[in-house]
Amino acid sequence: MFLDFSLAATTMTPSGDPTLKPGLDPASVTPGTLGFLATLFVVVMVILLIRDMAKRIRRVRYTAEVDQARARREATPGAAGGASADAPADVRPSGAQGPDEAARPAPGGKHGPDNR
């Protein structure tokens, strides 16, 4: 099989003549303005799609982090009893864990690549 590919590669040699066929204008074989506009349109659409995808992925990740934090807060007994519901988030009771001691959620949230 590999011999067939190598044989085909050696027998197909390009002609060294860079000239066009008689009667062809070099300007007529270029993509021109229409080709440029089509390529520009595709590039702009890809950029917009990538930005939208990144925004949606970020939203899913943040939602998963908030859900995990809420579940962790509800599962911890006594965490709600020491703090008022109106207290700011950075004011914690004396026994509460800070952000450095708490287990951080895995990147990607519950839909991440590590949670299959």
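Author: Arginine 70 forms a salt bridge with aspartate 67, and their closest N and O atoms are 3.5 Å apart. The term salt bridge denotes a side-chain nitrogen of Lys or Arg within 4 Å of a carboxyl oxygen of Asp or Glu. Aspartate 67 is likewise partly exposed, with a relative accessible area of 34%.

This is a predicted model, in which local features need pLDDT of at least 70 and side-chain atom pairs count only at pLDDT 80 or more, while totals for chains, interfaces and linings use all residues. Residues are numbered from 1 along each chain as its sequence is written, and side-chain values use heavy atoms, with hydrogens and water left out.

Both arginine 70 and aspartate 67 lie in helix H2, three residues apart, which is about one turn of the helix. Helices (H or I, at least four residues) and strands (E, at least two) are DSSP runs, numbered from the N terminus.

By the salt-bridge rule, the count comes to two. The other pair is aspartate 52 and arginine 56, whose side chains meet at 2.9 Å, N to O. These two residues also belong to helix H2 (residues 32–75) and are four residues apart, about one turn of the helix. Aspartate 52 has 27% relative accessibility and is therefore partly exposed; arginine 56, at 48%, is partly exposed as well.

Helix H2 also holds valine 44, a partly exposed residue at 39% relative accessibility. Valine 44 contributes to a nonpolar surface patch of about 1,100 Å², whose other members include Phe36, Leu40, Met53 and Ile57. Such patches are made of residues with over 30% relative accessible area and no salt bridge; like charges are joined within 9 Å, and nonpolar side chains (Val, Leu, Ile, Met, Phe, Trp, Tyr) within 5 Å. Accessible areas come from the Shrake-Rupley method with a 1.4 Å probe, and for residues only the protein chains shown count as cover.

As for the setting, the chain has three helices and zero strands, and buried residues make up 3% of its 116 residues. Confidence is expressed as pLDDT, the predictor's score for each residue from 0 to 100. Its mean is highest in H2, at 94, and lowest in helix H3 (residues 79–82), at 50.

Methods: Buried < 20%, exposed > 50% of the residue type's maximum accessible area, 1.4 Å probe, protein only.
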